Amino acid sequence: GFAPAVVGQAIIHSMTPRSHKAKVKPGYCCGFYFFFLGKSYEGADFTTVYPVARSLPVLLVAMGEVLRGALPTPAGWLGMVLVVAGCTMSPLRSLRDLTISRYWNRASLWMVLTALGTVGYSLLDKRASEVVQRGPASAAIYCYFFYLFSFLAYTLFTHLLPYKKEQTPDNSSFWAPALAGTLSYAGYFLVVWAYQLVARAVNIAAFRQSSLIIGVLMAFALYRE
């Protein structure tokens, strides 16, 4: 992505010195998110970790928006509570399985830290999107540098913090992580572009959690979790 980002910047000059400064902090928050998401997956199933870690930020981002003076409507609060409740209950086979032990385990701290990372880059990216030239090309260039700083932060965390390093299997492929990275970039590019079109970051944060439904169903089918 380096060459297209540099060429695009040279053509449209979308990234000002102010916007370059604005994208460093959310990038580091995203690196923080990726690191602790990996720690969470070590301690619990995908179908528990992903819904909980991705739904908690909906309410936390809403609280951050309140501090910025963008107060959600009562219907908005109700919708966000329903999103969080539904995501939190998605790992359950029945309501009888609703116990503290299912959510309070050795992965709980990592899931909370993962959620805080999401809150950090969501709020900061909303602010950064407001100082970047509007449009999909600008959003795409911004996303490249966002992921660049995420990579640098993730690398720093893996060197400074204890991390379980596993042997790489012989049948490992470059294409699986390359595809995952490409899809992650494409998805977040759309989010950043949407930030430029919508007044409240929490609206985007809540709406994009529809991906949880797809993710959980695919995890049931692919991982039998």
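Me: At what angle do the axes of α6 and α8 cross?

Reply: In this predicted model, the axes of helix α6 (residues 108-129) and helix α8 (residues 175-197) cross at roughly 55 degrees and come within 8 Å. Axes are lines fitted to C-alpha atoms, for helices over the stretch in contact, with angles from 0 to 180 degrees between N-to-C directions. Helices are DSSP runs (H or I, at least four residues), numbered from the N terminus.

Me: Which residues of α6 meet α8?

Reply: Y121, S122, D125, K126 and S129 in α6 meet Y188, V192, Y195 and Q196 in α8, where contact means heavy atoms within 4.5 Å. By class, this contact has four nonpolar, three polar and two charged residues. Ala, Val, Leu, Ile, Met, Phe, Trp, Tyr, Cys and Pro count as nonpolar, Asp, Glu, Lys and Arg as charged, and the others, Gly among them, as polar.

Me: Turning to the second largest pocket, which residues line it?

Reply: The lining consists of R18, K21, A22, K25, R68, L124, R127, A128, E130 and V131. A pocket is an open set of points on a 1 Å grid over the protein atoms alone, where a 1.4 Å probe fits, with protein on both sides within 12 Å along at least five of seven lines; lining residues have an atom within 4 Å of a point.

Me: Which helix gives the largest share of that lining?

Reply: α2 does, with four residues; α2 (17-43) and α6 each supply at least two.

Me: And how do the lining residues divide by class?

Reply: They divide into four nonpolar, no polar and six charged.

Me: How are residues numbered, and what confidence is needed?

Reply: Residues are numbered from 1 along each chain as its sequence is written. Local features need pLDDT of at least 70, side-chain atom pairs count only at pLDDT 80 or more, and totals for chains, interfaces and linings use all residues, while side-chain values use heavy atoms, leaving out hydrogens and water.
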